[in-house]
Amino acid sequence: FPGFLLAFCCAMILLEPGNKIVYDTLKAAFAADPSRREELAVIAGDFDGSHYLVSTSKANADVVQVSLSAHCLKEVLENGGAEMMAEVYGGLVDRQPLPGYGVTISINLSAPPASQEELCEKASQLKRNLMAAPIRQMFNIVKANGPRKTLILPYRDEENMYMITGPDSVTVVISLKLKDEDDVIMGRVFLQELNDFR
């Protein structure tokens, strides 16, 4: 066990900014023969309990919808997320998300953009872009010398993300509830390594 722990702590974990399943599904949809497009329904979960749905309807297999459900999406949309969606995704944003989802974007495969690669990347990074919105909003408050603000995002069940503006900084605190004994041990090792690094 100690050898495993040492190997785990010393290995680098590569976290991509986008969801690989969403990206690959969209790439395959663009590459498919238009005359053979079929109904699509792919659900991709993420580590934090959020999930994506990449889907088409029987009526129109030329339009792919990418929908996102996340625990704190309502709060994110109220704190810069709606503006971020308009800025990054523009006319792709559906006014009415699919039932059970907080946001949906629609991509017309019959009228592809100049850069399909860029669109697949942007769609796969939907959660990343949304979660960055409240942080960006807090930085803008500091930059404008606005009033102090505290924002609480219920990131997961029993876990919150707190963002607090200061005179010249933004502090982000993430509360974690580690339920598994192994996670607690790994968390202690991580925090000790972080402390030693400083």
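Leaving aside its neighbours within four places in sequence, which residues is Leu130 in contact with? The close-ups below, all from a predicted model, start there.

**View 1. Leu130 and its contacts.** Once neighbours within four places in sequence are set aside, Leu130 touches Leu68, Leu73, Val76, Leu77, Gly81, Met85 and Val103.

**View 2. The largest nonpolar core.** Leu130 turns up again here: along with Leu26, Val66, Ile107 and Leu126, Leu130 touches the most other members of this 35-residue core. Helix 5 (residues 126–143) is the top contributor, giving 6 residues to the core. In soluble globular proteins, nonpolar side chains tend to be buried together.

**View 3. Helix 3 against helix 5.** Helix 3 (residues 73–89) packs on helix 5 at an angle of about 110 degrees, and their axes sit 8 Å apart. Angles of 65 to 115 degrees count as roughly perpendicular, so that's how these two helices are placed relative to each other. On the helix 3 side, look for residues including Leu73, Val76, Gly80 and Met84; on the helix 5 side, they include Leu126, Asn129, Leu130 and Pro134. Sorted by class, this contact has 13 nonpolar, 5 polar and 2 charged residues.

View 4. The strands line up in the order 5-6-7, with antiparallel pairing. Strand 5 (150–156) and strand 7 (170–174) are the edges, each pairing on one side only. Ignoring direction, neighbouring strands are turned by 15 degrees against each other on average.

**View 5. Strand 5 beside strand 6, with helix 5 across.** Strand 5 and strand 6 (residues 159–165) are joined by 5 bridges, and Ile152 stands opposite Tyr162 in strand 6. Helix 5 lies across strand 5, strand 6 and strand 7, at about 20 degrees to strand 6.

Terms used: Residues numbered from 1 in each chain as written. Predicted model: local features only at pLDDT ≥ 70, side-chain atom pairs only at ≥ 80, totals over all residues. Heavy atoms only, no water. Core = buried A, V, L, I, M, F, W, Y, C linked by side-chain atoms within 4.5 Å. Buried < 20%, exposed > 50% of the residue type's maximum accessible area, 1.4 Å probe, protein only. Helix = DSSP H or I, 4+ residues; strand = E, 2+ residues; numbered from the N terminus. Contact = heavy atoms within 4.5 Å. Pairing = 2+ DSSP bridges. Axes fitted to C-alpha atoms, helices over the stretch in contact; angles between N-to-C directions. Parallel < 35°, antiparallel > 145°, perpendicular 65-115°, else oblique. Nonpolar A, V, L, I, M, F, W, Y, C, P; charged D, E, K, R; others polar.
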